[in-house]
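Subject: Structure handover

Hello,

Here is the structure we talked about. Please open it first, then read the notes below.

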Amino acid sequence: IIEKVMLHEQLIEKKRLQGQLEVARQVQLELLPAKDPEIAGYDISAYNFPTEEVSGDYYDWVKIYDDQIGIVIADVSGKGVPAAILMAFLRASLRAATHIGYATNISMAKVNYLLWESIERNQFVTAFHGILDASNRTLSYSNAGHNPPILIKASGETRFIEHGEQPLGMFPETRYHEHHLLLEPGDVMVLYTDGATEAQSPSGVEFGRDRLIHAVKENIDKPAREMIATLQLAVLEWTDNAGANDDVTFFIIKALKDK
């Protein structure tokens, strides 16, 4: 009888936790953009592939003007409900800073301090935040410890954008810098989370940055949304369809070639 009572209590607790996860996942899905941004001269798309009910990855875009949008991709430490709550906090803080009109480095500094005040010391967020100006073809950005984006120029030149500072929420006085890129027609920029590069083959070899570049170049002429699907397929094939051990998110910005 005691064993039956204990099993019944465990079942009730399991259902309660499942219910919480379902609510957290639904809230998280509501926080992600409902559609890709539309801005003249660019093809932009992003997508999150979670490994659990609630993802620790996050992406967003915010319309500032008709020719200007704010973008962000982030990876929150941890998983589950705590990560979802932290994601919601990050979203609200960054959106508020963007609408006020702060430069990316000022936004990062303010969000960093807010996070440092509010979260546990073992929590942090890596994030890439940029403002794309279509009229000037420039991307102003700051990087808080996030994976370096891939930039492939129309000429075929490929490099990682390595500029960056400490992740958000680790230290109260971290100073962030704003950098600028010129995105000319034919250029492609790929933002990603480490779930993609750290996905392992059955023998334990990571997918890595070089394979990611190769996959991007193989599909570079496809629309951004299709590129994301093929990149995720490449990761799945590398893991023999087991999938990555961590959440995977891609955010692709393609500067369209002049007709």
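Is Leu 90 buried or exposed? At 0% relative accessibility, Leu 90 counts as buried. Here buried means under 20% relative accessible area, exposed over 50% and partly exposed in between, with a 1.4 Å probe and protein chains only.

Some ground rules. This is a predicted model, so local features need pLDDT of at least 70 and side-chain atom pairs count only at pLDDT 80 or more, while totals for chains, interfaces and linings use all residues. Residues are numbered from 1 along each chain as its sequence is written, and side-chain values use heavy atoms, with hydrogens and water left out.

Leu 90 first. Leu 90 lies in helix H2. Helices (H or I, at least four residues) and strands (E, at least two) are DSSP runs, numbered from the N terminus. Beyond residues up to four places away in sequence, Leu 90 touches Tyr 58, Ala 74, Val 111, Val 125 and Leu 168. Contact means heavy atoms within 4.5 Å. Val 62 is 28 residues from Leu 90 in sequence, and their C-alpha atoms are 14 Å apart in space.

Next, the cavity. The whole structure has one cavity of 30 Å³ or more. The volume of the largest cavity is about 70 Å³. S3, strand S4 (68-76) and helix H2 (80-100) are the elements that give two or more residues to its lining. Lining residues include Tyr 58, Asp 60, Trp 61, Arg 91, Arg 95 and His 129. By class, the lining of this cavity has six nonpolar, three polar and three charged residues. For the classes, Ala, Val, Leu, Ile, Met, Phe, Trp, Tyr, Cys and Pro count as nonpolar, Asp, Glu, Lys and Arg as charged, and the others, Gly among them, as polar.

The search ran on a 1 Å grid over the protein atoms alone. A cavity is a set of points where a 1.4 Å probe fits but cannot get out. A pocket is an open set with protein on both sides within 12 Å along at least five of seven lines. Lining residues have an atom within 4 Å of a point. Grid points are joined across faces, edges and corners, and a volume is the space filled by probe spheres set on the points.

Asp 60 deserves a look. Asp 60 sits in strand S3 (residues 57-65). Asp 60 is buried, with a relative accessible area of 2%. Its side chain makes a polar contact of 3.0 Å with that of Tyr 58. A polar contact is a pair of N or O atoms within 3.5 Å; within protein, one must be able to donate a hydrogen and the other to accept it, and residues adjacent in sequence count only if both atoms are side-chain atoms. Leaving aside neighbours within four places in sequence, the contacts of Asp 60 include Pro 33, Arg 91, Arg 95 and Phe 251.

Now the largest pocket. Its space is about 250 Å³. Of its 14 lining residues, Gly 186, Val 188, Ile 220, Asp 221 and Lys 257 are the closest to the centre. The lining of the largest pocket has six nonpolar, two polar and six charged residues.

On to the strands. Two strands pair if DSSP finds at least two bridges between them. An open sheet of six strands runs in the order S1-S2-S11-S10-S7-S8, with antiparallel pairing. Strand S1 (38-39) and S8 stand at the edges with a single partner strand each, so one side of each has no neighbour in the sheet. Strand S2 (residues 42-49) and S11 run antiparallel and are joined by eight bridges. Asp 43 has Lys 254 in S11 as its bridge partner.

Strand S5 (residues 125-133) and S6 also run antiparallel, with six bridges. His 129 stands opposite Ser 142 in S6. S5 and S6 form a hairpin with four residues between them. Arg 137, in the turn, has a positive phi of about 55°. Arg 137 is partly exposed, at 23% relative accessibility. Six of the seven residues of strand S6 (residues 138-144) are buried. S6 also pairs with strand S9 (residues 179-182), antiparallel over four bridges.

One more backbone point. Asn 241, in the loop between H6 and S11, has a positive phi near 65°. Asn 241 is exposed, with a relative accessible area of 61%.

Best wishes
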